[in-house]
Amino acid sequence: MKRMSILALALVVLAAGSLIGCQSKSSKPVIGALIRNLDEQFVADYAANVKVLAEKAGVELKLLDSRSDQATQLDQLNTLLSQGVKYFVIVPNQTEATEQMAQAIAKKKGGAAFSNIQPSVAALKVGKNFFLASSPESVAGQIQAQIIDDYFQKNPKKLGANKTINALMLLGQLGHPAQKYRTDAVLQGLKDKGYTVNVVAQDTANWKPDEAQQKMDAWIAAFKGKFNIVITNNDGMALGAVESLLTAKYVDDPKDLTKDTDGDGTVLKVPVLGVDATQVALKSMSENKLYATVLQDSVGQSSTAFELALAMAQGKYKAGFEAWGLKPETTPGDEAPANDAAVIGQCYLVPFKAVTKDNYKEFVK
Amino acid sequence: MAASSTVTAQAPARGLRAFLSKNTNIVTFVVLALALGALTGGRAFGLDSIQNLLIAESVRAFAALGVGMIIITRGIDLSIGYVVCLVASVSASFAQTPDYAAALYAGKDFVILVPIAAGLMTGALCGLVNGLLVAYGKLPAFIATLGTLSIARGLQLIYTKAAVVGSLKQPFKNISQGSLGPVPYLAIYVAFAAFVVWVLLRHTRRGTNFYAIGGNPVAARVSGINVERELVMVYLYAGVLYGIAGVLQAGRLGLANALTANGMELDAIAAVTVGGVSQTGGVGTMGGMIVGVLTLGIINYGMTYLGVDSYYQLLMKGVIIIVAVFMDMNKNARR
């Protein structure tokens, strides 16, 4: 019995290995893709596009998912380096870990492009072969602030006394960079625009619609009439909040859930904002439920990063290289690492886009 | 691998069979290692590969030694991941470079002993709380440690305000990242800790007590063992080991945040289970724990090396744990 089990075990491993791991020994360029966590929609889209690009370019791609664990990502990097992989696209777990990864890659004379989570200035200073190919998280928050500003400019009656915004905030997993930077930036952005922001309630819903819905159910009961906006860190939670508001009939016209009687662009009494521009979110916007979202361009980021890695692998990279039609920045901006003159030529900023009533149809697939 | 082959070469056939059936954990490890070697034509066992494996598994090994002892006493500890996370954060907060503006104690330069001591004390304290709840509070270990899991997570977020504790001093990082010739420091620390655990389990009265309590708590009490005190001690020792794990993890990553070490309890419990530490209590050795860690390590490493999709990696890990427990149950049922 026991020996059978061991045998079975070994066979499963062998089978899995030979099925999925058959490596062709060709002279194709090899690119490693270290991906933070495929459970996140943005990251999954990013990885999917990298796969498509690798296929098209005839590149052998080694794509690994670290499941949000920086230690795992470090181990995966070391494994690929020991296999001789030199060039990488990386969606890191934390900014603070990027320098160490860059140093390990530089030891083997390789290079990498970092997306989604920005690398530190120190990481880019490790060598000229390290790049930012991303849209800093805080920009998503700033764009949310801009959309909110537009909303209250158009609907000043919805604003509280003394330009007060009474917000309910649904946050992503606490401590996650996207949670922290998006939240900080939207609050700061609103302050900069002269609003007084009163956070009526905030809590994490771990990116999930169902948790968001639960929280929102409780909040509607507790704070009815005391809030004028719902800000969330992603579309999943935004849609959970929308469902909750609809269920509670917290809408313009409780008799007809599809009527936007006050003409503010949403059938709900208050606007709800997300980030990601997922397809379900766009559908919700088309029904005047979700008010607006922000597109983090997974295709743009992954294409930029991949083209940089490919150019390095083929020895075609030169300073000022144009990746996915983007040129590197030339003047330092506000946000690290694109704020440091020494590494500015290694920073490719992929624009975030506000997705509102005016333009959402462009993004529907 | 080398050790087992010398044994098999010298032992007569019957001895060999006895050895194999007694040490299914070692057999599993060897079979997996050979499978990986065969699949990659030996390439997976270069020097840097072995270094990578040792570095990757070291931190988990401390957690495994800790929870392994707890399971021997018929307990369990679900709080490991977040306790290690809390320890890493506390430790890292005292090791940040003083000129880093976002440091928790910006402008303060602590000697290197402070982050180490703070981490170990945090770990010990968490272990002590677990132990008191289980031994004197009479809470089921499953529930008590589920509670401390959440408390540790809460404390971590409060302490760090959910920010990443980064920009750690190089001397602190060197504790984890350095190596003595080709041997990573981390592996040396594990060897030392494993030796201490071995001495404790094999050559002290307390170790014997742990096995007695796990084997039969009523009999242990009747025979005069202070069961409560011993249980507090086992959780305390485990806490110290988690403390070491946390400090080293912070140094290794050069940072700590709310996601550091998440899920480590499952890896550690799985590893010791694969290594032959029985959930029924009273069974298990230091060697088994380490073999278990290496077995899961080689599975992780091998699948990464072969480029197996990470979703399949999770699935495979689950299958292997279930098979290991199944074998363990068979073995213990027959005794």
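Q: In this predicted model, which residues of H9(B) meet which residues of H10(B)?
A: On the H9(B) side they are B:Leu200, B:Leu201 and B:His203, and they meet B:Arg205, B:Arg206, B:Gly207, B:Thr208, B:Phe210 and B:Tyr211 in H10(B). By kind, the residues of this contact are four nonpolar, three polar and two charged.

Q: Why are H9(B) and H10(B) called roughly perpendicular to each other?
A: Helix H9 (residues 185-203) and helix H10 (residues 205-215) of chain B pack at an angle of about 70°, and their axes are 5 Å apart. Angles of 65 to 115 degrees count as roughly perpendicular, and therefore H9(B) and H10(B) get that name.

Q: What makes B:Asp48 and A:Lys108 a salt bridge?
A: The rule asks for a side-chain nitrogen of Lys or Arg within 4 Å of a carboxyl oxygen of Asp or Glu. For the side chains of B:Asp48 and A:Lys108 the N to O distance is 3.9 Å, so the pair qualifies. Between chain B and chain A the count is two salt bridges, and the rule for polar contacts finds five residue pairs across this interface.

Q: Which elements of chain B give two or more residues to the side that touches chain A?
A: They are the chain B helices H2 (13-22), H3 (24-39), H4 (47-72), H7 (141-160), H12 (227-253), H14 (286-306) and H15 (310-334). H15(B) provides the largest share, eleven residues. That side of chain B divides into 27 nonpolar, 16 polar and eight charged residues.

Q: How much area is buried between chain B and chain A?
A: About 4200 Å² is buried, with carbon and sulfur atoms giving 62% of that area. In chain B, B:Leu253, B:Leu259 and B:Tyr305 lose the most area to chain A, together 13% of what that side buries.

Q: Why can the salt bridge of A:Asp262 and A:Lys158 be said to tie together parts that are apart in sequence?
A: These two side chains meet at 2.6 Å, N to O. A:Asp262 is in the loop between helix H9 (235-247) and strand S9 (272-273) of chain A, while A:Lys158 is in the loop between helix H6 (137-154) and strand S6 (164-171) of chain A, so the pair links parts 104 residues apart in sequence.

How values were computed. Residues are numbered from 1 along each chain as its sequence is written. Chains are lettered from A and ligands numbered from 1 in the order in which they are written. This is a predicted model: local features need pLDDT of at least 70, side-chain atom pairs count only at pLDDT 80 or more; totals for chains, interfaces and linings use all residues. Side-chain values use heavy atoms; hydrogens and water are left out. Buried area is the accessible area (1.4 Å probe) that two parts lose on being put together, summed over both. A polar contact is a pair of N or O atoms within 3.5 Å; within protein, one must be able to donate a hydrogen and the other to accept it, and residues adjacent in sequence count only if both atoms are side-chain atoms. Helices (H or I, at least four residues) and strands (E, at least two) are DSSP runs, numbered from the N terminus. Ala, Val, Leu, Ile, Met, Phe, Trp, Tyr, Cys and Pro count as nonpolar, Asp, Glu, Lys and Arg as charged, and the others, Gly among them, as polar. Axes are lines fitted to C-alpha atoms, for helices over the stretch in contact, and angles run from 0 to 180 degrees between N-to-C directions. Angles under 35 degrees count as roughly parallel, over 145 as roughly antiparallel, 65 to 115 as roughly perpendicular and the rest as oblique. Contact means heavy atoms within 4.5 Å.
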